[in-house]
Amino acid sequence: MFSDTYILLYFVAIPLLMLAGVALCRNIRQIRTVAVIGSTALIALSVVVLLRYLNLRSGGDMSPMLFVNSWTWFEPLHINLAIGVDGISIAMLLLSSIILFTGSFASWTIEQPKEFFLWLILLSTGVFGFFISVDMFTMFMFYEVALIPMYLLIGVWGSGRKNYSAMKLTLMLMGGSAFLMLGLIGIYYHSAPAGSPLTWNILEIASYNAIPQNWQYFLFPMTFVGFGVLGAMFPFHTWSPDGHASAPTAVSMLHAGVLMKLGGYGCFRVAIYLMPFAAKELAWIFLILTGISVVYGAFCACVKTDLKYINAYSSVSHCGLVLFAILMLNTTAMTGAIMQMLSHGLMTALFFALIGMIYGRTHTREITQMGGMMQILPYLSVCYVIAGMASLGLPGLSGFVAEMTIFVGSFKAGMADYLAGAGSLRLVFTIIACCSIVITAVYILRVVGKLLLGPVQDEHHRQLTDATWWERTATATLILCVAAIGCFPDFFNNLINTTFSPAIFAVLGM
């Protein structure tokens, strides 16, 4: 049914068809149908690509990326629509399609549904296009397509200080985009050796390995910071809690679950893969910043009383752990980083979905004004406990697998440095990052105790009804995915692991 030549283009074509379908819809029922059918088609397409990818790998095709193709877009600047995927890309495509599917159900009763879904689907178009691109210019274009709708989605459908949050998010992310754009242009002008045509293609740039070391020192921080802003790296994280707190439920799910993952993915795919020398020499600077993110985000979550702010600062901590692991520059830690991206994407989407459902009933997100929800909303409460246990790393769920892989890889890198006499910075920060697990347990158990247990704080809450069928569909899907990663980690490890070889060999082979 699908040709390998064009199969990846369907990840952009299907959202575009969804946009056209929603634009033609006349009522909310039709809009819901288009959103659910389209997102289901994207999940099915992701599974088809995964199966074909595994079949090609088992057949001996060890190319850095599969389903690679390119069409000339603008010849004077060598811009091409170049596409391709590896294990990481496919994992991110699966995550994105699942979050869009569950987000559609979480937005079942949204106001102004046509406009909302048009912007939400446009955002998802940018996300899918970003993950299939191997041309830096095209990747940056899709990156911006994913960012721009956030302003309207928060500013129009948000709550609280939505105008402030939308503007702050937009300004900070666009500032990061400016750094990123300068870094990508610099890479382009040093992409090929003398006498060869310049290129935006990531695979070609990596094969040339022609970026001078002195330029790597300049371009690596530009690109890492540019993507790191979206990954909520300290001290550029402040847009994230405000943005999450004001965003509508599905936007928070897609934002925290997928959009922030563009940061970690870009840091690996561009900054580290294309500039390995600078990555090795300058990693310690960003290791300190990401280490601060891990602990700082967890401590902030401990003192907040707004459910969305608690989860937002938890996301700062978990996304900081992703960048922290990538900077360890070994296969184990990087594999853990991608598994953490998957785990955090699913469990934070589950958190935000549940928070939106609870807020829609109680009209408050303050845990001091709620209590005894286990008696009133048993299904939603049990789901919240499962999400919390995944976040603090309970064995059998995705958080445990991801965090243990990261810490094993980080200790390995730290001990290697220590035994080689290269200092103990990585080892010290690994120990500090491990301590964040304890802090995570504190704020998760604190919320569970105040929100779900104890006496009912407001007698009006006794009249609330539990989850509807569409809410159960969204939450059950996410819980099954969280459990799947926790119970079958070897499948995801094998999918991701071989992807890192070119980048790691580039770093270690200098």
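Tyr143 has its place in helix H5, where helices (H or I, at least four residues) and strands (E, at least two) are DSSP runs numbered from the N terminus. The structure is a predicted model, in which local features need pLDDT of at least 70 and side-chain atom pairs count only at pLDDT 80 or more, while totals for chains, interfaces and linings use all residues. Residues are numbered from 1 along each chain as its sequence is written, and side-chain values use heavy atoms, with hydrogens and water left out.

Is Tyr143 buried or exposed? Its relative accessibility is 0%, so Tyr143 counts as buried; buried means under 20% relative accessible area, exposed over 50%, and partly exposed in between (1.4 Å probe, protein chains only). Setting aside residues up to four places away in sequence, Tyr143 touches Phe130, Ser177, Leu180, Gly226, Phe227, Leu230 and Leu262. Contact here means heavy atoms within 4.5 Å. The C-alpha atoms of Tyr143 and Leu123 are separated by 9.3 Å, and the two residues are 20 residues apart along the chain.

Helix H5 also contains Phe140. Phe140 counts as buried because its relative accessibility is 17%. Beyond residues up to four places away in sequence, Phe140 touches Ser177, Leu180, Met181 and Leu184. Between the C-alpha atoms of Phe140 and Ala422, which are 282 residues apart along the chain, the separation is 36 Å.

The view may now widen to the whole chain. The protein chain has 21 helices and two strands. Of its 510 residues, 60% count as buried. A compact globule with 510 residues would have a radius of gyration near 24 Å, and the protein chain agrees with this because its value is 22 Å. The radius of gyration is taken over C-alpha atoms, and the globule rule is 2.2 Å times the number of residues to the power 0.38. Along its principal axes, the C-alpha trace spans about 75 × 60 × 45 Å. Among contacts with a separation of 6 or more, 80% are accounted for by residues 24 or more positions apart. The accessible surface of the protein chain comes to about 18,400 Å², and 68% of this belongs to carbon and sulfur atoms; such areas come from the Shrake-Rupley method with a 1.4 Å probe, and for residues only the protein chains shown count as cover.

Arg57 lies in helix H2, residues 28–58, and is buried, with a relative accessible area of 15%. Apart from neighbours within four places in sequence, Arg57 is in contact with Met62, Ser63, Pro64 and Leu66. Ile90 has its place in helix H3 and counts as buried at 1% relative accessibility. Val49, Leu50, Tyr53 and Val85 are in contact with Ile90, neighbours within four places in sequence being left aside. For Ile90 and Ile496, 406 residues apart along the chain, the C-alpha separation is 9.1 Å.

The loops hold several details of the backbone. Asn209 is placed in the loop between helix H7 (202–208) and H8. Phi of Asn209 is near 50°, a positive value in a residue other than glycine, and Asn209 counts as exposed at 52% relative accessibility. Pro235 is found in the loop between helix H8 (213–230) and helix H9 (239–246), and a cis peptide bond, with omega about 5°, joins Phe234 and Pro235. His363, in the loop between H14 and helix H15 (373–376), has a positive phi of about 60° although it is not a glycine. At 61% relative accessibility, His363 counts as exposed.
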